[in-house]
Amino acid sequence: MAEFTNRQRTLLGALYPLIAVLVVNQLVDLAISITPMDFGAMTWKYGAAGFLIGAMPMVALGTMLALALNALLDHKLSARMLGIWAIVFAVIIGFAVLSFGLDALQVRRLVREDQKPAFDDATFKSIAIAALFVPAMLWTGWAALKFSKGAMAKRDEGGPPIMVGN
């Protein structure tokens, strides 16, 4: 493990809010894009799932940056929380993709004939990306939980190495 001075640890710790802004920005943008909510309309469900799938790469990037920071700073408890977050988000995306696929079949009937190839391509791309994303986030969550083993135990052995001074 890397040894950091207190100043370096402070600077690295300042990355947490920036990473949070990256993820929260995507989630707020998603929330704004899908309001007003209309769970009864298949076109709304299709669009909402599409927006959720579109937000995945930045959410995954933010999650991985935060986990890398957790590993560098030996922050096991926050790694555990991020691991749980990654697994829960992957499950949500898994259900969204199932709904997205079923809604795509219904919405496709409403699409003009000349627009169907583009609609099919966009739908296939979203499903393919989500099919890659779900196992990757599950694996990420599992790895974070393994890393965080012993997060609740007291550090009797001095904790992570910290160099004091310049």
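Where in helix 3 does a kink lie? Select M56: a kink of about 35 degrees lies at this residue, shortly before the proline P57. Please bear in mind throughout that the model is predicted.

Next, display the whole of helix 3, residues 42-73. Helix 3 contains 32 residues and reaches 45 Å from its first C-alpha to its last, close to the 46 Å expected at 1.5 Å a residue.

D74 is not a glycine; most residues other than glycine have a negative phi. The loop that holds D74 runs between helix 3 and helix 4 (76-108). Is D74 buried or exposed? Its relative accessibility is 11%, and D74 therefore counts as buried, the cut-off being under 20%.

At the other end of helix 3, select the loop between helix 2 (15-33) and helix 3, where P36 is placed. The peptide bond that joins T35 and P36 is cis, with omega about 0 degrees. In general, most peptide bonds are trans.

Return to M56 and show side chains. Together with F89, I93, F133 and M137, M56 is among the residues that touch the most other members of the largest nonpolar core, which has 28 residues. Helix 2, helix 3, helix 4 and helix 5 (116-147) are the elements that give two or more residues to this core. To see one of these residues in its surroundings, select F89: leaving aside neighbours within four places in sequence, F89 is in contact with L52, M56, V59, F133 and M137. For a second, separate core of 10 residues, select I19, L67, L73 and L82, which are included in it.

The next selection is helix 1 (residues 6-13) with helix 2. The two pack at an angle of about 15 degrees, and their axes are 5 Å apart. Helix 1 is therefore roughly parallel to helix 2. At their meeting point, display L11, L12 and G13 of helix 1, which meet L15, Y16 and P17 of helix 2.

Finally, show the entire protein. It has 5 helices and 2 strands, in the order β-α-α-α-α-α-β along the sequence. Of its 166 residues, 34% are buried. Among contacts between residues at least 6 apart in sequence, 82% join residues at least 24 apart.

Notes
Residues numbered from 1 in each chain as written. Predicted model: local features only at pLDDT ≥ 70, side-chain atom pairs only at ≥ 80, totals over all residues. Heavy atoms only, no water. Helix = DSSP H or I, 4+ residues; strand = E, 2+ residues; numbered from the N terminus. Buried < 20%, exposed > 50% of the residue type's maximum accessible area, 1.4 Å probe, protein only. Expected span 1.5 Å × (residues − 1). Bend = angle between axes of the 7 residues up to and from the residue. Core = buried A, V, L, I, M, F, W, Y, C linked by side-chain atoms within 4.5 Å. Contact = heavy atoms within 4.5 Å. Axes fitted to C-alpha atoms, helices over the stretch in contact; angles between N-to-C directions. Parallel < 35°, antiparallel > 145°, perpendicular 65-115°, else oblique.
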